[in-house]
Amino acid sequence: MTAELYWLPKPDDFQGKLGAIKQSGADEPSRLDALRRLANHNLSLSETAALARALEGAARGPGDALAKAGFRGLRVAVLASSTVEHLLPGIRVAALRRGLLLDFYVGSYGQYRQELLNPASGFYAFKPDLVWLAVDADEALMAPSFSPEARDLEALAAEREAEWAVLWGLAGKSGALVLAQNFVVPPLRLFGHLDFSLPSALRHSLDRMNQALARSARERGILVLDLDALASRCGKSQWCRPGLWHHAKQSVSPAYAMLLGEEVARVLAAVRGLSKKCLVLDLDDTLWGGAVGDLGPGGIEIGQGSGTGEAFLSFQKYVKQLARRGIILAACSKNEEANAKAAFTQNPEMVLRLEDFSAFVANWKDKAESLVDIASGLRIGLDSLVFFDNDAMQRGLVRARLPEVAVPEVPEDPSDFSLCLSDAGYFEAASFTKDDLKRSAQYAANSERSRLQASSASLDDFLKSLNMRLSVSPFDSMGLPRIVQLINKSNQFNLTTRRYTEPQVRAMMEDEGVLTFQARLEDVYGDNGMISVIILKPASSGGKRGLRIDTWLMSCRVLERQVEEEMLNVIAARARARGAEVLIGEFIPTEKNGLVREHYRKLGFAKADAPVDGGAGSVWELALKDYAPRQTRIQSTWKGENS
Amino acid sequence: MTQPSSRQEIYEGLTPIFHELFEDQGLVLRDDLTAKDVPLWDSLNHINLVIAVEQKFRVKFSTPEIARLGNLGQFVDLIAKKTAK
């Protein structure tokens, strides 16, 4: 692969545009918005450097205005065994692509152990949100050069795992999320093919250390950058040029700074819940060859028998796998709906079926309009969509009209479609839970429920017919990955949008004073998975003992199902059992949570005079003494203390 | 850009790289320009410059070749030699 981000369009007059932004005198959010648009291109090394320089210090700008415009600051510490300064511009620009403004701390070269072991180090003073431990292969083995005696690899792996446990533990103590990286196996061979199986050879030894790293990281919930795969994809002799190592201790060539930056930013974004959720696909010449309207469902090129047909088939297979891991699929085609659907129902070669699509739009409206319909129908933001269309004109139109939608360039050859989507990495995941696996089924069930709702005489009949069961319990280790995912991903039904790392959530889980709630909802159509998370912290109001609702979020899939009412019944009962007299709710507005502006009023809370610290938010109170549980059509159970 | 035939074309290719890397839109490239004349031309940016030029002109420089460079004119000559077929 070339060093380029080839799925992004090339910039047009980069210098002119950057110069205009610098001189425009626009306010900071508008300036950053313009820079973000520019960042969404396939930039060269020098263009990336220039753009990154325009961004320096942006993370320390006025927080409120930036947050409103969809930007978030993130403090990233890099502790490395080689020099990494040349990689920072690429990370900064790729983070901007996702609305993240980075502040960096770079530890002294090769001093990562000291930084972690010394509580007074600059690393701890920096208070990072995330720490990237960029430790190279040299550090994995005590004696990286060959020695004829067989290494005791098992003992060495155990030793390394013990050291990682200590270092990761220290890094996590800062409250930061830890991003490790695996070891790049150098291309240099000593015996040749034997290096693969000979325990004393470097290749075999590093493979073993990488296995140990994968296991350790999985057990401890540490993120790992798969650098070895990335270096292989790019060509290892280019990825790490010996000359650059000797002269400047660079273990990654600056040629790959944009690519590595993009990969690191992807992981940061995934942790923050900013990965894309939905793949919107064009049909003609994207999922099959030819126009189904002209050729008929049997005449399109798909399936065995021709190279082109097989190319589209393999793309459909890849898309199907994405759907299976929980990516929502949508179709967006300029076609008669009956013709478009006939391709799926009548051509036996198709791997994708109509049921795989959570939304199916085939009409003659312009595609920007259709994408807006798709997003609102699925109740997800436009910034959750990836639009894949072989037609350059449609791509250009959508980019211009809906800059939030990710629109990759599509290769000429359908054989390259899958790898293009894979390289573009829109669907990067920081974790994978059982709930992800069920997501497609849940969205399909959502449209079923909508149908039932339409046929029910009244809303109450409909809710009754759903036979909903809500099971609520305190946070536990089993639920932790999904809880952390929800806390960092939910934007719309989220009263405070407070993001917490896994160590922070675990600390609250273990804190006796904090009341935590995770809720799952089942109905006649199946298990909706974990759909709501609430955190209550001790507080007082007017001399009364109270609990403050630090976090209240819910999946939008279960909107208008009385879940929030029933959750209030549950938390009010728990709060009262704790001796609390008042529940204190906060609403902190963001660009995306307008949905819950009146949440507390609807639930019978009274607006308090006290404003939220320095913001446009509001505070609400509910006296528990007179609280009568609200009537709902949900049967809830509490599994926890005093149950 | 591949195979520029003249030094002038090489200069045209180099100009945006210099302007972007060294954040100086007014920098005029000339044969006797050296790192001392440009504030942001430090050792880190020197490597960035070499790699950016490699990518732009699709050439590759060896460590000794880079070490021998005295001024921009010599760099242009080297690019001309490498891109000539």
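This is a predicted model: local features need pLDDT of at least 70, side-chain atom pairs count only at pLDDT 80 or more; totals for chains, interfaces and linings use all residues.

Reader: Fine. How far apart are the mean positions of the positive and negative charges of chain B?

Author: They are 9 Å apart. That covers 10 positive and 12 negative charges.

Reader: And which elements does chain B have, from the N terminus on?

Author: The order is α-α-α-α. So you get four helices and zero strands, counting DSSP runs.

Reader: What radius of gyration does chain B have, against a compact globule?

Author: Chain B has 12 Å. A compact globule of 85 residues would be near 12 Å, so the two agree. The C-alpha atoms fill a box of roughly 35 × 25 × 20 Å along the principal axes.

Reader: How much of chain B is buried?

Author: 42% of its 85 residues count as buried. The accessible surface of chain B is about 4500 Å², with 52% of that on carbon and sulfur atoms.

Reader: Give me one residue inside. Where does B:L14 lie, and is it buried or exposed?

Author: B:L14 lies in helix α1 of chain B, residues 7-21. B:L14 is buried, at a relative accessible area of 0%.

Reader: What is B:L14 in contact with, sequence neighbours aside?

Author: Beyond four places in sequence, the contacts are B:L29, B:V53, B:F57, B:L72, B:V76 and B:I79. Take B:V53: it is 39 residues away along the chain, yet its C-alpha is 7.3 Å from that of B:L14.

Reader: Now across to chain A. What does A:S46 touch?

Author: A:S46 touches B:I17, B:E20 and B:L21. A:S46 sits in helix α3 of chain A and is buried, with a relative accessible area of 2%.

Reader: Why is helix α5 of chain A called largely enclosed?

Author: Because eight of its nine residues, 88-96, are buried. Among them are A:L88, A:R92 and A:L96. The cover includes helices α2, α3 and α13 and strands β1, β2 and β3 of chain A.

Reader: Switching to aromatics. How many pairs over all chains?

Author: The count is 21. In one of them, the rings of A:W239 and A:Y256 have centres 5.4 Å apart and planes at 40°, so the pair is tilted. The two residues are 17 apart, with A:W239 in helix α11 and A:Y256 in the loop between α12 and α13 of chain A. Both are buried.

Reader: Which residues form an aromatic cluster?

Author: A:W288, A:F344, A:F357 and A:F360 form one.

Terms used: Residues are numbered from 1 along each chain as its sequence is written. Chains are lettered from A and ligands numbered from 1 in the order in which they are written. Side-chain values use heavy atoms; hydrogens and water are left out. The radius of gyration is taken over C-alpha atoms; the globule rule is 2.2 Å times the number of residues to the power 0.38. Buried means under 20% relative accessible area, exposed over 50%, partly exposed in between (1.4 Å probe, protein chains only). Accessible areas come from the Shrake-Rupley method with a 1.4 Å probe; for residues, only the protein chains shown count as cover. Lys and Arg count as positive and Asp and Glu as negative; His and the chain ends are not counted. The place of a charge is taken as NZ of Lys, CZ of Arg, CG of Asp or CD of Glu. Rings of Phe, Tyr and Trp (its six-membered ring) pair if their centres lie within 6.5 Å; planes under 30 degrees apart count as stacked, over 60 as edge-to-face and the rest as tilted. Contact means heavy atoms within 4.5 Å.
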